[in-house]
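Thank you all for coming.

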Amino acid sequence: MKKTAFISAAAAAVMAIGATAANAATLEDVRKNGELRCVVSTGLAGFAYTDSAGVYQGFDADFCRATAAAVLGDPSKVKFVPATGKTRFTILNSGEGDVLWRNTTWTFVRDVDVKLTFVGVNYYDGQGFMVPKSLGVKSAKDLDGATVCIQTGTTTELNLADFFRTNKIKYEPVPIETNDESRTNYLAGRCDVYTTDASGLAATRSTFPTPKDHVILPEIISKEPLGPAVRQGDDAWADTVRWVLNATLAAEELGITKANVAELAKGTNNPEINRMLGTEGDLGAMLGLEKDWVVKVISAVGNYGEIFDRHIGPSTDIALERGLNALWTNGGLQYTPPFR
Amino acid sequence: MSEVAQTYPPGQHPDMPPPAGQRGLMLWLRTNLFSSWVNTLMTVVAVYLLYKIVPPILDWAVLDAVMNAANRNECREIAQGACWAFIKDRFSILVYGFYPSDERWRVNMAFILLCLALVPVLFDNVPFRKPGMIFSAAYPFIAGWLLLGGLGLTPVGTDEFGGMMLNTVVGVTGIAFSLPLGILLALGRQSHLPIVKSCSVCFIEFIRGVPLITLLFVASTMLNYFLPPGTTFDLLLRVLIMVTLFASGYIAEVVRGGLQAIPKGQYEAADSMGLKYWQSMRLIVLPQALKISIPGIVNTFIGLFKDTTLVLIIGLLDVLGIGKSSLADAQWNGLSNEIYVSIAIFFFIACFGMSRYSIYLENKLDKGYKR
């Protein structure tokens, strides 16, 4: 134990020096390596998983591709670095990854103390509870004395403790490492309640033998803005990732889709579309990217709505509604600063 | 009563069959299953448990299983048992990981050659053993060339390794290199030279005092803090080094146990014959010490092979990692039993093979010692 403690102390000591060294000009490093090292989940339905050909698919994986398309001009030049909830920040901070698109909640501590820069929110989530219908529970406040399956190393673990403390009810946590483990444990009845982000609950419930026997309780006990993060200290790189996300949002707002982007890139009457797609002005060069970077992004993965519908939208097995993730013009929270 | 007892001259009476109940099946049942009331009770309980356990497993795995389906829902529509279609769909990435599909023959080739290279090392009564040994010694380089490419083959990055292939690469490398290193460390620990001895002791105690996960974690993320910026040092290579060092620490202690079991007279006899240190070790001490250590060594190897799944922690997708990430595919989500059972079978075959080989070797070597 002492040796382990020493190692972590040493790690912390060199963190500051190492981090700044690794931070210099990530964009150049990515160009030099010819690939973007993108940290993703080891497996989360709809967000990141491998298909039968061994290719990463999912909502987060597509944002990795979008970033690679913008930076390297080729969406296939991504090296996916799978990370568990515990290792994701170390991998990013040690320079083993360039950007983190891993359904990671943007919190104060992670932003300030873990030395990350969160550059936006690609999915607004919130923590919920799922219980078997047979339990007869109508509200999370009825859960006194319940056993709760909970993933360790996540914000959900901390939210849970807060929620039960403020409501002065007792619970017994069953610590779990992965989503799949919680599913198994919950179905086997080793815990009464399964809690994680509401999107995850819906995704998991869709795979149950009898989804109708389980209810998701109405309480959403936390704000979980999931978004991409980069190492602190390389603002230019943070800008790049931020505006890749913003470009997909703006594209949806302006009606630019995978299908029509090539047509629109020839020039339109809308100056904002022209600026984005590089036919007017030179926004790309300001980021150090090609003139047609947005064209590459949209033709690779489509706009935000298309990515959403393809992987987690109502037509998929995950079947999530847009909800908070609708554009601000449709009553949601997704809002991008203007391309100007 | 027409039967008249036939008489025989003394010593000529033919052997009579044992009385009924003392022969054949009855005897076997009596001695093995119902010899006492405790045994009888245990037999009854065991039969009951088998009756309770076997049919459902058979039902799930064979009778009610689905071999062909496009996704989980289709599987469930056909039958409620195991959905082996999932494993079929994922089989190639479970085995080869992300290795490019056009180049997978190289992995197969490397595996076949591995089996060939193992034969002369593991068995001593095979023809052409001498040239075979040369091939075995060259095998690591051949395998490295086949798997990594270069010199006429398309290069494949180690980040594309995955699945069972990754487990095998890490396991075999660890086993092959940790044994010699471990023996050296064990000898170093027994040595009279103070520097050699203290270095060995420090190394062994450090390795044994730190969990493998910590070492892997250091290898994957912390080395970057110490190396000058810009150096890239292949992740898989770092893992191989750490796994080898880790296993060698344990092997060293197992071998030391063997060395200490050799009577002092053997060392003295070797000295009195005028053998130098290395000669006496090679000819007298190590052959005996290693023979005693076989169960411990194989135990360490089996542990090492199973520990290869820990590479998941540092973002290498071994067979378990591929399984986990396949489970997150919405098309197949929730079929964890199928995937874990398949992975368990893979590990069982590998580990059981090692354990059988160790028993074979022990039987072969303990002529004259058997009790």
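The largest cavity in this predicted model has a volume of about 540 Å³, and the structure holds one cavity of 30 Å³ or more. Of the 37 residues that line the largest cavity, those closest to its centre are Leu44(A), Arg102(A), Asn103(A), Gln151(A) and Asn179(A). If we turn to the elements that give two or more residues to this lining, we find from chain A β5 (99–105), α6 (155–166), α7 (179–187), β11 (193–197), α8 (198–205) and β13 (224–231), and, together with them, α13 (319–327) of chain B. Which element gives the most to the lining? That is β5(A), with four residues. Sorted by class, the lining of the largest cavity has 20 polar and 11 charged residues, along with six nonpolar ones.

Let me move to the interface. Chain A puts 40 residues into the contact and chain B puts in 38, and between them the two chains bury about 3200 Å², of which 61% lies on carbon and sulfur atoms. Across this interface the rule finds one salt bridge, in which the side chain of Arg238(B) meets that of Glu96(A) at 3.4 Å, N to O.

Finally, a word on confidence. The mean pLDDT of chain A is 87, and 93% of its residues reach 70 or more. Over residues 1–23 of chain A, however, pLDDT stays under 50, and for that stretch the model has 21 contacts beyond four places in sequence.

Key. Residues numbered from 1 in each chain as written. Chains lettered and ligands numbered in written order. Predicted model: local features only at pLDDT ≥ 70, side-chain atom pairs only at ≥ 80, totals over all residues. Heavy atoms only, no water. 1 Å grid on protein atoms, 1.4 Å probe; cavity = no way out; pocket = protein on both sides within 12 Å on 5 of 7 lines; lining within 4 Å. Points joined across faces, edges and corners; volume = space filled by probe spheres on them. Nonpolar A, V, L, I, M, F, W, Y, C, P; charged D, E, K, R; others polar. pLDDT = per-residue confidence, 0-100. Contact = heavy atoms within 4.5 Å. Buried area = accessible area lost by both parts, 1.4 Å probe. Salt bridge = Lys/Arg side-chain N within 4 Å of Asp/Glu carboxyl O.
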